[in-house]
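Open the model in your viewer and keep the selection tool handy. We will go from one stop to the next, and at each one I will tell you what to select.

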Amino acid sequence: MSAPAIETRGLTKRYGTLDVVRDVTIAVGPGSKTALTGANGAGKTTLLGMLATLIVPSAGEATVAGHPVQPPAPALRRRIGVLAHLPMVYEELSPWENLAFFARLYAVEGAAARAEELLRRVGLWARRHEPTHVFSRGQHQRLALARALLHAPDILLLDEPETGLDPEGVAVLDELVLRAPGLTVIAATHRLDHVASWSDGTVHLDRGQVVEDATRGSASGARAAATAGGAGEAQ
Amino acid sequence: MSATLAVLRKDLRLAWRDRSGWLSATAFAAISVLIYSFAFDLAAQPVRPLLPGVLWTTFLFAGIFAGAHSFQREAEQGTFDAMLLSPAPATAIYLGKALSHMLALLVIEVALLLLATILFSTALLTPDLALIVLVGTVGYVSLTTLLSTLGSRARARAVLLPALALPLLVPLLIAAVRATGASLGDPVGTAPWTLLLLVFGIWSSAGAALLFPLVVER
């Protein structure tokens with residue numbers, strides 16, 4: 001069995017006396033698609049922030065792509081793509097300028113071709129030179145998706161990725177990320193109707209703690225996968 | 001280096017496209033100097049020693065206005081986090097932001113010196129004073145860039161930057177005002193104020209570049 005792409009042991013984030021994330025231990029296999037569910041304030045965004053290396057854990061440890069998340073190594077950051085709650089793009093710049101800037105930060109080779117490919121796929125190629133501030137929320141999200149994929153990461157951390165997207169945008173998200181073979185994805189989501197169509201595992205958080213773990217790397221997830229595999233063979 | 005240049009270029013482009021921060025800082029600076037020129041005849045000998053203080057007070061607040069605006073925008077759009085997520089070293093990002101802030105502030109300062117030269121009938125665009133303003137601006141910007149980053153993550157960001165920056169900038173302001181006075185021929189004693197300004201500039205630049213990766217941690 002291959003090593004988990006994402007693994008946490010006792011991961012905790014404390015602000016003052018409040019444990020926003022408490023003792024989270026999960027393992028996510030390479031290439032798997034995991035839905036992170038839970039009510040508002042359950043700790044999903046903070047957990048993703050720690051995995052993305054942006055938030056320093058108070059206790060416990062986490063490895064992503066074999067690298068510890070703290071201190072964050074450049075090699076790790078090259079392998080992670082993040083689609084956060086905010087689009088994280090410059091409103092005053094055009095989509096083309098946004099991608100050109102982030103391509104320089106990531107030292108992307110063949111940046112122009114990569115940016116063109118992504119802008120075409122997210123449907124913003126025709127508007128690549130318009131200032132982003134005139135875009136709708138869904139178009140911002142499409143651009144954010146292109147930014148997250150620009151450096152061809154193999155691990156994607158998504159926070160409510162469907163936000164603002166129309167059905168066509170959701171289809172693009174599905175094609176590029178959620179159903180893309182080989183990509184390891186953890187996505188915090190409230191769209192439970194959509195989860196079943198792309199995820200092969202679920203981690204449910206409640207007040208910072210894992211209350212259900214059915215990921216491919218977990219014991220219950222492994223049992224579920226074996227059951228599903230057995231059922232498949234029987235068919 | 002490449003990341004620093006990318007951040008510098010991007011920030012200058014943003015400053016040009018969204019001119020509200022720098023325009024309001026420039027307007028503030030121009031209005032301040034204009035009011036001082038009406039209030040005092042600074043070219044006259046008895047109040048002449050006030051001129052360095054007038055200049056540096058105006059530089060100080062113009063820089064705080066403009067810097068806070070730039071960092072607030074990054075915090076609101078989440079783009080600062082997007083930069084931190086990249087493999088670019090945090091120090092390279094800091095240098096890019098500090099350089100862009102410095103270039104934009106220098107433009108305001110040169111414009112202000114030109115205006116003050118006219119209003120106060122005093123030659124202010126001299127090589128000596130240009131050096132003092134440049135060195136003082138390096139020290140000032142390196143510290144305020146660090147503190148703006150810290151302040152942009154706080155809820156009370158509007159008051160945090162001045163509250164943090166002003167006490168830390170006192171040594172720089174004293175040295176800058178004294179060095180400016182000396183360059184204008186005022187009797188300010190024999191202390192090597194320009195050298196002190198240079199030492200502060202080096203200390204604050206090095207310190208801020210080293211501390212920046214810690215400041216951006218959450």
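To start, select Pro30(A): is Pro30(A) buried, partly exposed or exposed? Pro30(A) is partly exposed, because 17 other C-beta atoms lie within 10 Å; a residue counts as buried with 20 or more such atoms within 10 Å of its own C-beta, as exposed with 12 or fewer, and as partly exposed in between, with C-beta atoms placed from the backbone.

Before moving on, please note that this is a predicted model, in which local features need pLDDT of at least 70 and side-chain atom pairs count only at pLDDT 80 or more, while totals for chains, interfaces and linings use all residues. Residues are numbered from 1 along each chain as its sequence is written, and chains are lettered from A and ligands numbered from 1 in the order in which they are written.

Stay with Pro30(A), which sits in the loop between β2 and β3 (33-37) of chain A. Helices (H or I, at least four residues) and strands (E, at least two) are DSSP runs, numbered from the N terminus. Leaving out residues up to four places away in sequence, Pro30(A) touches Ser2(A), Ala5(A) and Thr184(A) (contact: C-beta atoms, placed from the backbone, within 7 Å).

Next, select the sheet in chain A. Its 4 strands form an open sheet in the order β2-β1-β4-β5, with antiparallel pairing (strands pair if DSSP finds at least two bridges between them). β2 (18-28) and β5 (67-68) of chain A are at the edges with a single partner strand each, so one side of each has no neighbour in the sheet. Strand β1 (residues 6-15) of chain A pairs with β2(A) over 7 bridges; to see them face each other, pick Glu7(A), opposite Ala27(A) in β2(A).

Now colour chain A by domain: domain 1 covers 1-79 + 154-169 + 183-228 and domain 2 covers 87-152, with bounds from an automatic or database domain assignment. The C-alpha centres of domain 1 and domain 2 of chain A are 25 Å apart, and 7 residues of domain 1 are in contact with 8 residues of domain 2.

Finally, show both chains. Here 21 residues of chain A are in contact with 20 residues of chain B. On the chain A side, α3(A) gives the most, with 4 residues.

Notes
Two residues are in contact if their C-beta atoms, placed from the backbone, lie within 7 Å.
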